[in-house]
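Work through these exercises on helix packing with the model open. Try each task before reading its solution.

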Amino acid sequence: LILFVLTFVLLMGRILQIMDLMVNKGISVWAIMHLVMLIMPSFLMFTIPIALLVSILIAMGTFSADNEITALKAAGVSLLQIYYPIAVASLLTFTCTMLIGYYLVPQSNFATKKILFELAAQNASIGIKEKVFNSDFKDLILYADKIPANGEYMEGVIISDKRNKEEQNTVIAKKASLVADSKKMIVKLRLENGSIHTVSADLKNYRKVDFRTYDLILDLSTTLATYSEEYKSSTEMTLTELMERMKKPGLDGAAVRELAIEVHKKFSIPLSCIFFGLLALPLGITSHRAVKSRGFAVGIIIVAAYYLLRIGGEALAETGRLSPAVGVWTPNVLFATGGIFLFYFAYRELSPLQMISAYSGRNRHHR
C-alpha cells in the first residue's frame, strides 16, 4: 500500500506534463500509457526502499502498541529472532531494487528517450498552421504561407532566428520539410531555395546568403521533453556499459566523475534497503498511540535526511570536491552505523542515554 501511494505521488508530479502531451500535442492515450510504464522503474528505484522503511515502522509500532513485542520477549523470543523476517523482507527488496536498477532503469530510460523523440518527430508539425506565426520552437518564430493537406511540406516559409543574440537572422525559403535523424536524436527543418538575411546589432551592417538547401536544427524542449544526444547518457547505461565508457580515452574529469557516481549508485541505492530494515526495527518497537501516523512521519523524516545527504554528496562529487565513492556511500555508512547502534541498544533493552550514563559511571568507578 505504501509503495502504491508513494509511486502515485511521484507520478502526480508528472501529470501536468502528461496532460500537456495529450491536450496540446495530440499524443494518443496508448502512447501516454506506454510512457507511464517506461518511467515507472525509475520511480520504483526510490519508492521501494522508502516503502520498506515505512512499512516496518508501522508494523513494528503496531506490535509494540498491542504489547505483542513484550509477549514475544516473555516467551523467550529475542530481538534477533524478531529481526529474521525483517531481514528476509530487506533481502527481497534489495534483490528487487538491484534487478530494477541494473536491467530495467537503463533500458526504460533509453526507451523513454527514443519514444519521446519519435513522438516529437511525428508531432512537431502539429502546431504549425498556415498563415499563423508559430513560436513552439525555442528562439525561432516560424511562418508558413501554405501547407498541403497531407502536411508533408510547407511553402513560402519565413523564419525569425534569434538563437544568436548578437546577430538575429531572418530566413526566407520557397519550400521546407521536417526531417528526423534517429541516430542523432534530432529533428531538422530542411529549407530549399531561399536566403538568410542578417543585420548587425547596431543596424549598420547587412548580409545576405543564398542557399539551395539549408538544415535548421529544431530545439524540441518546449514541444516535448526529449533529448538531443547521440549517445546514451549515464542513466541510460548498464553497469557493463558504464565501465566500458569509463575506459575510453579522452574523457574529461567531469564525465568520468558522472559515470563513476552512476556506477556507485547502482549498488548504494539497493543496499539502502538492508540499512533501512536494520534501522526501522529498533525505531518501530517504541510504543505510541498514533502508531500509523508516527511510523509514517518518522519514515519520511529518515528518508528526507538520507536523500538530502545523498544529493549533497553527489553534488560535491560532481564538482570534484569529494571522490564519487565518498560522496555516494557516506549516507549509507552513516545510516548503517546508526542502525547497528540502535539495534544493539534495543537488543540490550537500553536507551542511548542509559548506555552513555552507564559507561560514564564505570569510568568514574574505575578512577
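**Exercise 1.** How close do the axes of helix α6 (residues 239-247) and α7 come, and at what angle do they cross?

*Solution.* The axes of α6 and α7 come within 10 Å and cross at roughly 155°. Axes are lines fitted to C-alpha atoms, for helices over the stretch in contact, and angles run from 0 to 180 degrees between N-to-C directions. Helices are DSSP runs (H or I, at least four residues), numbered from the N terminus. Next, classify the angle. Under 35 degrees counts as roughly parallel, over 145 as roughly antiparallel, 65 to 115 as roughly perpendicular and the rest as oblique. α6 and α7 are therefore roughly antiparallel to each other. Now the hand: α6 and α7 make a left-handed crossing (the near helix is turned anticlockwise from the far one by less than a right angle; clockwise is right-handed).

The model is predicted: local features need pLDDT of at least 70, side-chain atom pairs count only at pLDDT 80 or more, and totals for chains, interfaces and linings use all residues. Residues are numbered from 1 along each chain as its sequence is written, and side-chain values use heavy atoms, with hydrogens and water left out.

**Exercise 2.** Which residues in α6 and α7 meet?

*Solution.* From α6, take Leu239, Leu242, Met243, Arg245 and Met246. From α7, take Val256, Leu259, Ala260, Glu262, Val263, Lys266 and Phe267. Contact means heavy atoms within 4.5 Å. Sorted by class, this contact of α6 with α7 gives nine nonpolar, no polar and three charged residues. Ala, Val, Leu, Ile, Met, Phe, Trp, Tyr, Cys and Pro count as nonpolar, Asp, Glu, Lys and Arg as charged, and the others, Gly among them, as polar.

**Exercise 3.** Describe how α3 packs on α7.

*Solution.* Start with the axes. Those of α3 (residues 29-65) and α7 (residues 253-284) come within 9 Å and cross at roughly 15°. α3 and α7 are therefore roughly parallel to each other. The crossing is right-handed. Contact residues include Phe46, Leu53 and Met60 of α3 and Ile269, Phe276 and Leu283 of α7. The contact of α3 with α7 counts 14 nonpolar, five polar and no charged residues.

**Exercise 4.** Where is α3 kinked?

*Solution.* Check the span. α3 has 37 residues, yet its end C-alpha atoms are only 47 Å apart. A straight helix would reach 54 Å at 1.5 Å a residue (1.5 Å times one less than the number of residues). Then locate the bend: α3 has a kink of about 40°, centred on Phe43. The bend is the angle between axes fitted to the seven residues ending at a residue and the seven starting there.

Definitions and conventions. Helices (H or I, at least four residues) and strands (E, at least two) are DSSP runs, numbered from the N terminus.
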